[in-house]
Amino acid sequence: MKYNYDVAIIGGGPGGYVTAIRLAQFNKKVILFEGKNLGGTCLNVGCIPSKAMLRISEVMSTIKEAEKFGIITNEVKVDYSKVKSYKEDVVKQLVNGVGYLLKKNGVKVINEFVTEIKDHDIKYAENKVSAENIILATGSQPFIPPIEGLNSIQYDTTDTIFTWKTLPKSLVIIGGGVIGVEMAQAFAPLGAKVTLVEVADDILMTEDQSARKLVEKHLKQEGITIITKAKISKIEKDEITVGNETIPFEKILIATGRKTNLELAEQLGLELSENKKFIEVNDYMQTSQKHIYAIGDIIPGYQLAHAASHEGLIAADYIANNNHHKLDQTKVPRCVYTTPEIASFGLSEEQAKKDYDVKVSTYNLAGNGKAISYGDSTGFVKVISEKKYGEILGAVICGAHATELISTILAVKNAEGTMDELAHQIFAHPTVSESIGESAEDFFGLSIHQP
């Protein structure tokens, strides 16, 4: 049978557009459907705009702390219209870049939603095309919890928070996970009074306990109110009742996670996970219908942009070359862009102890020369390894630039290196990365600058 395209990709986020380009590089005829904006949630309303906002808040925090470096500043004011413009310029530049790359590689882009898929046929608007293979990369959307009164008020999610024209004087954030905490730190330094409400026992429950305690300490130093084990009884127009306390707000952000977009998967009758929240796939991202693949938030695994991109590359390589590459979930880096940052991969100490004789090596950044000279020595490096041979099982870095540093340890693991190779690597001085070497030397009880 002759098809219009070799591959059709539904969704132009970091999973979809990266996959489209790679398949085009493999000389496949590719069509990409994106009903909203190229770059998807990550580029337009998620990863990128949030990091732009966090950068602005970081600059503000640095200015406020300038006196400790001997720099006296006058009163600093925020022009939120310019803050918003900066964020929009960043997003626009990257969206345009994605469009350029797709065009450069000969990918056909259709700015329409797909309404139906039947076998190899794809319907959109009043048109239809066919493809030999189809990749679903439809992503996710904010999950809205069933809280009394929520549907009767105007609330924001991460899809809308960056459309604000003015900075709110008070902001309540429901959800103390990664998104909620990052947003708290994005707006508090700019002058918003932020209250973080989390129903669980603690914030950042997916992260290392020592790391989240350091982040929590910093949040409180920034004047952010944290309420955990929260019992939310109701929300009204401009106030929320938590336990016996009523908290007024100008804006309220719902940051309670995301739910997958499975409409097309359900229409196709694809096999779903036991909890019906994800599409089941094999190691090469094939669904129960072998010509249909799925990547990104809609399949089990980490709901991260770089995970989606890598899953797409695995699918592309399998479709084009029948190469059997697989995704090792223990090698996916996880990053939290708080202050201090948290970055990790692999097994936690608790997880590793279930199957291994474990040794945990640590180094406190309080002993690192570069961190001290920059006035930012809060944090640590922790490497979880197997005791006998020094196999690296996982790692956590908490501190400034942790999200950049984590790849050094991960690269050694990917090269099948052990704590011995990591300890003998020569790190430049003075750098924060030296702390990685010190943590590896701690495995052998030989760390020089351990405070």
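In the predicted model, M285 lies in the loop that connects α7 (263-268) with β16 (292-294). The backbone of M285 adopts a positive phi of about 75°, although this residue is not a glycine. Most residues other than glycine have a negative phi, and most peptide bonds are trans. Two peptide bonds of the model are cis and involve prolines. One of these bonds joins T339 and P340, with an omega of about -5°, and P340 is located in the loop between β17 (334-336) and β18 (341-346). Another cis peptide bond links H429 to P430, where omega is about 0°; P430 belongs to the loop between α12 (419-424) and α13 (434-443).

The UniProt record, an unreviewed entry, lists residues 5-312 as "domain: FAD/NAD(P)-binding". The chain over residues 332-439 is 31% helix and 29% strand, with 21 Å between its end C-alpha atoms.

A "binding site" annotation in UniProt (unreviewed entry) covers G175, G176, G177, V178, I179, G180, V181, E182, E198 and G257. These residues are spread over 83 residues of sequence, yet they cluster in space, the largest C-alpha distance being 13.8 Å. Of the annotated positions, V181 is found in helix α5, which spans residues 178-187.

The relation between domain 2 and domain 3 was examined next. The size of an interface is often given as the accessible area lost when the parts come together. Between domain 2 and domain 3, about 640 Å² is buried, of which 73% is on carbon and sulfur atoms. On the side of domain 2, the residues that lose the most area to domain 3 are D208, A211 and L214, which together provide 58% of what that side buries.

One salt bridge is found between domain 2 and domain 3. K382 and D208 form a salt bridge in which the closest N and O atoms are 2.9 Å apart; D208 is also among the residues of domain 2 that lose the most area to domain 3. One residue pair is in polar contact across the interface of domain 2 and domain 3, with both residues at pLDDT 80 or more.

The structure as a whole holds twelve salt bridges. One of them pairs the side chains of E88 and K84, with an N to O distance of 2.7 Å. Because E88 and K84 stand four residues apart in helix α4 (residues 80-104), about one helical turn separates them.

Key
Residues numbered from 1 in each chain as written. Predicted model: local features only at pLDDT ≥ 70, side-chain atom pairs only at ≥ 80, totals over all residues. Heavy atoms only, no water. UniProt positions renumbered as here; feature names shortened; annotations may be inferred. Buried area = accessible area lost by both parts, 1.4 Å probe. Salt bridge = Lys/Arg side-chain N within 4 Å of Asp/Glu carboxyl O. Polar contact = N/O pair within 3.5 Å; in protein donor to acceptor, adjacent residues only side chain to side chain. Helix = DSSP H or I, 4+ residues; strand = E, 2+ residues; numbered from the N terminus.
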